[in-house]
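Let's walk through this one as a few quick questions and answers. Have a look at the model first.

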Amino acid sequence: VQLQASGGGLVQAGGSLRLSCAASGAIFSSYALGWFRQLPGKEREFVGGINGRGGRTYNEDSVKGRFTISRDNSKNTVYLHMNSLKPEDTAIYYCAAARITSVFYSIGELETDYDYWGQGTLVTVSS
């Protein structure tokens with residue numbers, strides 16, 4: 001599975017951005033997709049994820065209802081909609097894919113839960 005993230009850029013605090021992650025090389029609906037981010041000087045952290053049926057989970061501590069994940073299986077693309085951006089959201093954002101192995105699959109929140117990674121896209125939020 002190849003993942004290509006895009007949509008990062010510079011935005012003012014309070015603004016919005018939509019990140020995209022296009023996948024190729026696999027049956028897209030068979031994979032859960034996750035978004036992670038790495039803040040300057042910090043370890044990569046889970047932002048949110050979505051399974052093949054559209055079920056979602058988020059890192060509420062960091063995104064608190066400001067971010068939404070969606071997927072379009074017809075376009076093999078997952079999106080991260082980011083609203084009310086804050087300077088502390090400045091980070092490199094990564095998308096990742098995990099093979100769904102069971103009907104009871106739970107969206108992973110650890111890096112090790114994911115098998116494939118995109119290259120990252122930089123989001124900078126100015127104050």
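**Disulfide, core and overall fold**

Q: How many disulfides does the count come to?
A: This is a predicted model, where local features need pLDDT of at least 70, side-chain atom pairs count only at pLDDT 80 or more, and totals for chains, interfaces and linings use all residues. Residues are numbered from 1 along each chain as its sequence is written, and side-chain values use heavy atoms, with hydrogens and water left out. Taking a disulfide as a pair of cysteine sulfur atoms within 2.5 Å, the count comes to 1.

Q: Which handedness does the disulfide of Cys21 and Cys95 have?
A: The sulfur atoms of Cys21 and Cys95 sit 2.0 Å apart. This pair links distant parts of the chain, with Cys21 in strand S3 and Cys95 in strand S9, 74 residues apart; strands (E, at least two residues) and helices (H or I, at least four) are DSSP runs numbered from the N terminus. The torsion about the S-S bond is about 60°, so the disulfide is right-handed.

Q: Is Met82 buried or exposed?
A: Met82 lies in strand S8. Leaving aside neighbours within four places in sequence, its contacts (heavy atoms within 4.5 Å) include Leu17, Phe67, Tyr93 and Val123. The cut-offs are under 20% relative accessible area for buried, over 50% for exposed and partly exposed in between, with a 1.4 Å probe and protein chains only. Met82 has 0% relative accessibility, so it counts as buried.

Q: Which residues touch the most other members of the largest nonpolar core?
A: A nonpolar core is a set of buried Ala, Val, Leu, Ile, Met, Phe, Trp, Tyr and Cys residues joined through side-chain atoms within 4.5 Å. The largest one has 28 residues, and strands S3, S4 and S8 are among the elements that give it two or more. The residues that touch the most other members are Leu33, Trp35, Phe67, Val78, Leu80, Met82 and Tyr93.

Q: What is the radius of gyration of the protein?
A: The radius is taken over C-alpha atoms, and the globule rule is 2.2 Å times the number of residues to the power 0.38. With 127 residues, a compact globule would come out near 14 Å, and the protein agrees, at 14 Å.

Q: How many helices and strands make up the secondary structure?
A: From the N terminus on, the elements run β-β-β-β-β-β-α-β-β-β-β-β. That secondary structure comes to 1 helix and 11 strands.
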